[in-house]
Amino acid sequence: MADLKLDQIRKSYGAVDVLHGIDLDVKDGEFVVFVGPSGCGKSTLLRIIAGLEDITGGNLMIDGDVVNTKSPRDRGIAMVFQSYALYPHMTVYKNMAFGLKLDKQDKAAIDTRVREAARVLQLDQLLDRRPSELSGGQRQRVAIGRAIVRQPKVFLFDEPLSNLDAALRVQTRIEIAKLHQKLQSTIVYVTHDQVEAMTLADKIVVMNGGNVEQVGSPMQLYHHPQTRFVAGFIGSPAMNFTNVTIDAVAQNKVTVSVPGGMKSVLPFDVPADAVGKLVELGIRPEHLTLGEEGALTVSGEVDVVEKLGDSTYLYLKLANGDRVTVRAAGHSRVRIGETVTASAPAGAAHLFAPNGKAFAKIDCPAEFSADDDT
Amino acid sequence: MSFSNIRREDASRAVIVHAILLTYTLVALYPIFLVVINAFKTRKGIFRDPMGLPNAETFSLDGFTKVLAKSNFELFFYNSFTVTIVTIVIVLLFAAMAAWALSEYKFPGGTALGLYLAIGIMVPIRLGSVSILNLVVDLGLVNTLTALVLVYVAQGLPLAIFILTEFMHQIPKDLKEAARCDGVGEFKIFFAIILPLIRPAVATVAVFTMIPIWNDLWFPLILAPGDGKQTITLGVQQFIGQYVTDWNAVLASLSLAIIPILILYLIFSRQLIRGLTSGAVK
């Protein structure tokens with residue numbers, strides 16, 4: 001087990017820059033998830049850590065050693081691929097033992113390690129089968145087993161659950177979480193699924209366009225997104241955004257007019273010269289409730305209703321044309337075409353400058369804060 | 001159109017397709033059939049009724065006894081076999097390695113090198129017979145099996161490299177990268193993972209390489225016609241004279257010559273059928 005340090009990692013393919021100087025510290029035993037939309041460079045970054053891609057600039061350190069030019073085998077990593085990448089002509093046992101045999105390790109020791117890994121992953125009964133005789137979930141467990149037996153310093157997972165069906169994905173996700181608790185190993189995990197990121201990670205790295213947008217614990221990202229991109233990416237359904245005008249600025253208070261003409265006073269530190277400017281207000285669907293109790297109200301016509309049983313999502317069309325999702329109770333009887341008003345406490349709001357940066361929130365109430373989480 | 005009509009149409013199509021294929025098979029196999037049946041006939045029998053099956057009157061093993069007793073048939077056999085097997089081994093090994101290099105590693109001039117190797121498919125090697133003969137004389141390899149092996153390797157490599165490169169492109173990238181992460185060296189990846197996976201392609205290439213070599217008369221004739229080094233196709237020629245041809249012996253030795261190549265084909269063709277990549281990814 002070891003820590004991992006990325007120092008100004010850059011990657012270009014010819015004239016195209018894919019990664020623009022990534023800095024990151026991964027502590028020993030930490031579960032770090034890279035998340036972002038496709039093409040954001042997260043997989044490239046993982047492959048750079050693995051040694052499958054060359055580094056254009058910067059330094060990569062594993063356990064204090066610069067490993068920029070080392071081959072994958074000398075880095076002490078093990079990688080689990082989205083496609084499993086099992087050796088099709090070998091049995092499960094041989095798949096797991098193959099890498100070890102090459103290291104000229106003692107046969108009995110290899111056998112113990114493979115059987116131990118198989119036991120942990122419940123593959124004991126399948127050791128003599130070929131990959132083609134296994135289900136998707138079993139194959140993925142073999143791929144994980146193949147990584148475990150190598151006892152690497154860092155585990156790398158490249159979208160390992162993307163090829164599994166929904167039910168199996170949840171199950172395997174829990175198994176990976178348990179495995180991390182048990183092995184206490186350093187894991188770097190790439191996914192485009194923010195639910196996986198939220199549930200598994202100690203630390204999430206949100207990436208966008210070859211840059212790191214924000215690094216933080218799942219709750220920090222959820223409650224204190226530093227940019228509009230992170231705010232929109234983390235959380236499901238996505239945060240609602242609408243343009244508001246700043247009417248007045250006071251000490252740690254800002255007055256904005258929400259579409260529909262209503263004014264709200266929100267606890268943000270906004271510079272005085274922002275008065276009259278257009279900024280973006282963000283609010284999560286689950287923080288909106290039907291009714292007018294909150295400081296922040298929106299109203300609009302319901303054009304879609306999604307009933308999930310435990311909750312109902314109402315999709316509202318505001319006066320300015322923006323759409324707002326409201327999470328209502330499961331027994332909500334709101335119908336399409338009705339005009340409803342929803343509101344949220346002022347503390348639930350997020351405010352973003354035109355450049356996408358978030359304004360600092362003052363005196364954040366406990367239920368909208370990650371302070372006790374960190 | 002009703003269901004039964006569709007089925008009838010399907011059936012008639014199948015009949016037509018099978019009729020064409022059967023005809024082709026007959027056309028292709030009939031000469032071989034003629035060779036084999038006439039090998040078992042007397043000389044008179046061959047000339048009087050070349051199409052007829054051997055009967056009590058015409059049946060004879062004269063040809064076989066002549067071939068096995070009066071000529072160095074075992075030696076010709078041994079020569080052909082040695083040349084073919086050694087060539088196949090060398091072609092497969094080097095073609096597979098070259099294909100791996102061309103498909104897996106990006107290096108300057110890689111594409112040009114691939115094209116250069118592919119040109120060999122289009123240019124018949126017999127065009128270079130004179131220079132090849134000169135070269136072989138200069139190297140002092142006239143009348144050796146080595147000369148034949150070298151020429152056949154040169155003849156077999158281009159197509160083998162071409163076919164194997166295409167197959168290697170189909171091996172999922174993840175598999176190689178997984179092996180690299182597993183700490184497997186490049187040579188081990190090639191021999192322990194890539195080669196087993198392209199076994200069907202290797203078998204195909206082996207068959208393609210083997211048959212022209214076994215049947216070749218040209219290069220044995222100009223490069224190794226000396227006593228003791230003749231291959232089977234050349235050895236048969238001693239029964240074909242300017243004035244008299246010993247057809248019994250020619251046909252008998254040709255019949256015998258089919259057997260080893262048939263066995264090799266059967267061995268390789270079993271590999272052709274196997275698909276091994278299933279279960280690797282997804």
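Some ground rules come first. The model is predicted, and local features need pLDDT of at least 70, side-chain atom pairs count only at pLDDT 80 or more, and totals for chains, interfaces and linings use all residues. Residues are numbered from 1 along each chain as its sequence is written, while chains are lettered from A and ligands numbered from 1 in the order in which they are written.

Of the contacts in chain A between residues at least 6 apart in sequence, 66% join residues at least 24 apart.

Now for the strands. An open antiparallel sheet in chain A is built from four of them, in the order β2-β1-β4-β5. The edges belong to β2 (16–26) and β5 (65–66) of chain A, each with a single partner strand, so each has one side without a neighbour in the sheet. Pairing here takes at least two bridges found by DSSP between two strands. Strand β1 (residues 4–13) of chain A is joined to β2(A) by eight bridges, running antiparallel, and A:R10 sits opposite A:H20 in β2(A).

Strand β3 (residues 31–35) of chain A is mostly covered, with five of its five residues buried. The cover extends to both faces: A:F31, A:V33 and A:V35 are buried on one side, A:V32 and A:F34 on the other. β3(A) pairs in the parallel sense with strand β8 (residues 186–191) of chain A over five bridges, where A:V33 partners A:Y189. Strand β9 (residues 203–208) of chain A also pairs with β3(A) in the parallel sense, over four bridges, and there A:F34 partners A:V205.

Where the chains meet, chain A puts in 24 residues and chain B 21 residues. On the chain A side, β6 (77–80) and α2 (92–102) are the elements giving two or more residues. That side splits into 15 nonpolar, five polar and four charged residues, where Ala, Val, Leu, Ile, Met, Phe, Trp, Tyr, Cys and Pro are nonpolar, Asp, Glu, Lys and Arg charged, and the others, Gly among them, polar.

Over in chain B, helix α5 (residues 110–122) and helix α7 (residues 145–169) have axes that come within 7 Å and cross at roughly 125°. Axes are lines fitted to C-alpha atoms, for helices over the stretch in contact, with angles from 0 to 180 degrees between N-to-C directions. That makes α5(B) oblique to α7(B), since angles under 35 degrees count as roughly parallel, over 145 as roughly antiparallel, 65 to 115 as roughly perpendicular and the rest as oblique. By class, the contact of α5(B) with α7(B) has eight nonpolar, three polar and no charged residues. Helix α6 (residues 129–139) of chain B has one of its eleven residues buried, so α6(B) lies largely in the open.

Notes: Buried ≥ 20, exposed ≤ 12 C-beta atoms within 10 Å, placed from the backbone. Contact = placed C-beta atoms within 7 Å.
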